[in-house]
Amino acid sequence: MSRDTRTTVAPWRGRRALRVVGLLGAALLVALYRRVLSIPQLPSWPPPPDAVTPAGAKDALETTPAAPLRFAWSTAATIEPWVEGKNFFPRIFADVEAASSSVHVLMFGWREGAVGTRMAELLNRKLAEGVEVRVLVDRLGSRPYGAARAMFTELASAGAEIVVSDFSPLDRQGLFPDRQRLVWRDGELGRVDHRKLYVIDGSVAWIGGAGLEDHFEDGSFHDVMVRVTGDVVRQAQAAFLGGFQRRGGPLPDDLAHLFPEQPEPGTTPVALAEVLPGGLVAASQAIREQIDSARERLDIANPYLTDRDAIGRILAAAGRGVKVRVLVSEISNNAQAGAALRHRYAELADAGVEVWELPGTVVHAKIVVADDLVSFGTVNLDAWALYRNSEIMMIARSPETAALLEERLFEPDIGRANLAEPPAGTRERLQCWVSDKFTFFL
């Protein structure tokens, strides 16, 4: 009798244990979904009445330490887009070489190759000259605890203040490599800091899609970096310093020298917009409004065009008679994203959208030109960039910048690109169809 009871109880306990494990597993999946894959959006664009102006950038940083900032429309004196690393890297390095006060680098991908090492060596020399150097790098993109550790450690030993953004919520906060402490950063699980920004002497900013990595210099990745001067640079400085401070970086007691009066404030209307964890998606909402505003032409260069809402707005633009051209890679470095877009080729073509595939390189630029309204920065048109990661861009109403991008990017690239064709064959169509169904995760 007792043996029968034990025989009966054991399977019952086993089933109960399996149910508990199943419930815990389901709860974990729900929690991961909410923390990693959810896409909360707060009303973030247009800038609110109390948005931070260039004149108020320093005070905002001092009065709301470590809080994300929302920026007002500003002005630029010059906006110069440069295509290809062979064109923009020498100019970035020249600006850093000329720095007399401070160099701030916010970088997703800064690796230990030739380009990254060259920048680190240059910054070591600037530190010896008394220039302040502050750096914010992403752990996933830059590997400061892995392959690039020696490079960043040497830079820190020379006096650079370096902080690291971590996609893990258990984050090492503070100065790299030996003044860090573990902290829990709720809400940042799986989110990387994908931004790329240089601020030099508080008077020159560089922004765009390229990291300090060799494949941007040798042409295998095709990108754009934009040199900006004017009042908006003061807001870019605040964006950098705010992120630096949120990662545990110390700021000087007196910030005045980091926010100098601009030699030429400029007259070109421009706004700095970001995507930050927690639903602040000003950049994403600004791009939506920009696409919706197009009346004559809409030119887009982007490596990962998978977001359904963005594609819907592009189709709507074509439907109201806008001439729409989209520039992508012939072979993407993200096969699933490329396949998902190919699934939409027939629909885009039927609407009159021209999709051009550039061979021999990965189109990595993130540019939108809608009539004379231009946006540039780090925002890919996929779910991770639009809603989850940290991203940054500028948007300017500038016929001159639009013309430069036509001259330097779209016309030469489309001239050597091939008009896209929908997937052919059952297998390819099926692969593209499946990839399209998973764009929320790409």
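This is a short exchange on how some residues in a predicted model are classed.

Reader: What are the ground rules for numbering and values?
Author: Residues are numbered from 1 along each chain as its sequence is written, and side-chain values use heavy atoms, leaving out hydrogens and water. The model is predicted: local features need pLDDT of at least 70, side-chain atom pairs count only at pLDDT 80 or more, and totals for chains, interfaces and linings use all residues.

Reader: Why is Glu84 called buried?
Author: Its relative accessible area is 16%. Buried means under 20%, exposed over 50%, partly exposed in between, with a 1.4 Å probe and protein chains only. So Glu84 is buried.

Reader: What makes the phi of Glu84 worth a note?
Author: Phi is positive, about 85°, although Glu84 is not a glycine. Glu84 lies in the loop between strand E2 (78–83) and helix H3 (85–97). Helices (H or I, at least four residues) and strands (E, at least two) are DSSP runs, numbered from the N terminus.

Reader: Why is Asp201 called buried?
Author: Asp201 has a relative accessible area of 17%. That value falls under the cut-off, so Asp201 is buried. Its phi is also positive, near 55°, in a residue other than glycine. Asp201 sits in the loop between strand E8 (196–200) and strand E9 (204–208).

Reader: Why does Glu289 count as partly exposed?
Author: Glu289 has 44% relative accessibility. Glu289 belongs to helix H9 (residues 282–293).

Reader: How do you know that the peptide bond between Trp45 and Pro46 is cis?
Author: Omega is about 0° there. Pro46 lies in the loop between helix H1 (2–37) and helix H2 (57–63).
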